[in-house]
Amino acid sequence: MPKAYVMIHLEVTNEEEFASGFASKIPGLLAEFGGKALVPRNTEVSILENQVTGRQADVHTIFEFPDRDSALAWYNSDQYQAIRPNRTNNTANTYFAIVDGIDD
């Protein structure tokens with residue numbers, strides 16, 4: 001079964017609320033579902049192609065999970081859904097996707 005990845009690109013509109021209500025809670029919650037961050041939140045972007053807004057997002061990250069079921073369990077968990085509004089209410093221009101990796 002292939003690993004699954006969560007890809008996130010977004011612009012933060014309220015850093016304090018985003019950081020305290022969402023970003024600070026993600027590492028522990030990822031670990032609880034077997035996930036881990038592969039790209040740090042504030043990574044430097046070398047090339048940007050954004051045909052939608054042409055603006056650089058503030059957050060680019062990728063989370064890895066053992067499989068799709070784990071990623072979906074994380075996303076659908078009560079814990080994630082409780083903090084999700086702290087992401088959606090404090091960001092714009094969001095791209096969020098859960099995708100399967102290539103089977104080894």
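This is a predicted model: local features need pLDDT of at least 70, side-chain atom pairs count only at pLDDT 80 or more; totals for chains, interfaces and linings use all residues.
Residues are numbered from 1 along each chain as its sequence is written, and side-chain values use heavy atoms, leaving out hydrogens and water.

Start with the sheet. Four strands form an open sheet in the order β2-β3-β1-β4, with antiparallel pairing. Here strands (E, at least two residues) and helices (H or I, at least four) are DSSP runs numbered from the N terminus, and two strands pair if DSSP finds at least two bridges between them. In general, strands of a sheet pair through backbone hydrogen bonds. At the edges are β2 (36-37) and β4 (91-100), each of which pairs on one side only. Two bridges join β2 to β3 (residues 59-65): K36 has E64 as its bridge partner, while A37 stands opposite F63. On the other hand, β1 and β3 are joined by seven bridges.

How much of β3 is buried? Six of its seven residues are, so β3 is largely enclosed by the rest of the structure. Buried means under 20% relative accessible area, exposed over 50%, and partly exposed in between, using a 1.4 Å probe and protein chains only.

Helix α3 (residues 68-76) touches β1 (4-12), β3 and β4, where contact means heavy atoms within 4.5 Å. Helix α4 (residues 78-88) lies across β1 and β4.

Of its 19 residues, I26, F63, F65, W74 and Y80 touch the most other members. Strand β1 gives the most to this core, with five residues.

Finally, find the rings. The structure holds seven aromatic pairs. Rings of Phe, Tyr and Trp (its six-membered ring) pair if their centres lie within 6.5 Å; planes under 30 degrees apart count as stacked, over 60 as edge-to-face and the rest as tilted. F18 and F22 form a tilted pair, 5.5 Å centre to centre with 35 degrees between the planes. For F63 and W74, the centres are 5.9 Å apart and the planes at 85 degrees, so this pair is edge-to-face. Because F63 lies in strand β3 and W74 in helix α3, the pair ties together parts that are eleven residues apart in sequence.

Definitions and conventions: Axes are lines fitted to C-alpha atoms, for helices over the stretch in contact, and angles run from 0 to 180 degrees between N-to-C directions. A nonpolar core is a set of buried Ala, Val, Leu, Ile, Met, Phe, Trp, Tyr and Cys residues joined through side-chain atoms within 4.5 Å.
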